[in-house]
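The following exercises concern a single protein model. Please inspect the sequence and the coordinates before reading each solution.

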Amino acid sequence: MKFVDAHIHLSDPEYSSILDKIIGDAKKSNVVALVSNSMDLETSKRSIQLAKKNPGLVFAAIGIHPWNAQRLTEDELETTLEFIRNLNEESKRHVVAIGEIGLDSMYAMKEEQQKFQRRIFNEMLHLAEELSLPAIIHSRGAASEIAEILTSYNLRKVLFHWFSTPRELIPELIGRGYYISEGPPVLYSKRIRENIKAIPIENLLTETDGPVRFWGPFKGKITTPAFIPLVVDEIAKLKGMKLEEAAAQIYENFINFFGVKSI
Ligand SMILES: [Zn+2]
């Protein structure tokens, strides 16, 4: 059986001293692909480095996270955009998406900050469109607004990561052919479990969002790709499928979404 982690922050400093263990855990748990998401220029470079070091296992998603928007200067924004636009051929082979990008009002209390966060998000969506790359979206508290913004872009491949609310939006997102990824909260969050029931298995991906920590059976534990088989097992139960069937479908979804050759 093959499992996938479509959203993890391998470039996060919290992982830097235990990276070998995290990658080893992935291999031991049959997690055959990890998408290393980024927060800013520095972590984007690091994600690409990690993908180069672990070809066929780690893939890079690069971009500016909404949490970082408020401390970004105009110059830094320009440098990041230039970096992404001018990737050399070798780096391009390892980049599978623009992410993590999106909106989060908790990190933009003032109107000015909200404006800048929206501007950065739009710049990132332009890049995804221009480079024909999928977009990985952070949508906490802003999913409906994001769904509206996305109508201005010609993006076929969009992944709403850790989609939470509003559940009523799911049919619209699925209707557009978007994907949704869910992780460890599948085991303990009523809201996420209900979401799983509403998302067709063909549009579903699995993630850990590590090093973010979780509750329920994961309380106090370092987040690792080894959680993924448990997540898929729970998804299979919620969907009334066999574990093998659910794992195979999610693996196929990963290949289709990121356009990578078989892994
Ligand atoms: Zn994330």
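**Exercise 1.** Are E100 and D209 buried or exposed?

*Solution.* The model is predicted, so local features require pLDDT of at least 70 and side-chain atom pairs count only at pLDDT 80 or more, whereas totals for chains, interfaces and linings use all residues. Residues are numbered from 1 along each chain as its sequence is written, and side-chain values use heavy atoms, with hydrogens and water left out. The criterion comes next: buried means under 20% relative accessible area, exposed means over 50%, and partly exposed lies in between, for a 1.4 Å probe and protein chains only. By this criterion, both E100 and D209 are buried.

**Exercise 2.** Identify the donors of the zinc ion and classify the geometry of the site.

*Solution.* Donors are N, O and S atoms within 2.8 Å of the metal (3.2 Å for Na, K and Ca); water is not among the atoms, so sites may look incomplete.

1. The zinc ion is coordinated by NE2 of H7, NE2 of H9, OE of E100 and OD of D209, at 2.1 to 2.2 Å.
2. Along the chain, these donors follow the spacing H-x1-H-x90-E-x108-D. E100 belongs to strand β4 (residues 95–102) and D209 to the loop between β8 (204–206) and α9 (228–239), so the pair ties together parts that are 109 residues apart in sequence. Helices (H or I, at least four residues) and strands (E, at least two) are DSSP runs, numbered from the N terminus.
3. Four donors count as tetrahedral if all angles lie between 85 and 135 degrees; four count as square planar and six as octahedral if opposite donors are over 155 degrees apart and all others between 65 and 115; anything else is irregular. The angles among the four donor atoms are 89 to 178°, and the site is irregular.

**Exercise 3.** Describe the salt bridges D25–K21 and E234–R193 by distance, sequence separation and accessibility.

*Solution.* A salt bridge is a side-chain nitrogen of Lys or Arg within 4 Å of a carboxyl oxygen of Asp or Glu. The structure holds 13 salt bridges.

1. D25 and K21 pair at 2.7 Å, N to O. The two residues are four residues apart in helix α1 (residues 19–28), and are therefore separated by about one helical turn. D25 is buried at 9% relative accessibility, while K21, at 48%, is partly exposed.
2. E234 and R193 have their closest N and O atoms 2.9 Å apart. This pair links distant parts of the chain, with E234 in helix α9 and R193 in helix α8 (residues 190–198), 41 residues apart. E234 has 13% relative accessibility and counts as buried; R193 has 23% and counts as partly exposed.

**Exercise 4.** Which residues have the most contacts inside the largest nonpolar core, and with which residues is L125 in contact?

*Solution.* A nonpolar core is a set of buried Ala, Val, Leu, Ile, Met, Phe, Trp, Tyr and Cys residues joined through side-chain atoms within 4.5 Å.

1. The largest such core has 89 residues, and L125, F160, F254 and F258 have the most contacts inside it. Helix α10 (residues 243–258) supplies the largest share of this core, eight residues.
2. Contact means heavy atoms within 4.5 Å. With neighbours within four places in sequence left aside, L125 is in contact with I101, A135, I137, I149, L150, Y153 and L155.
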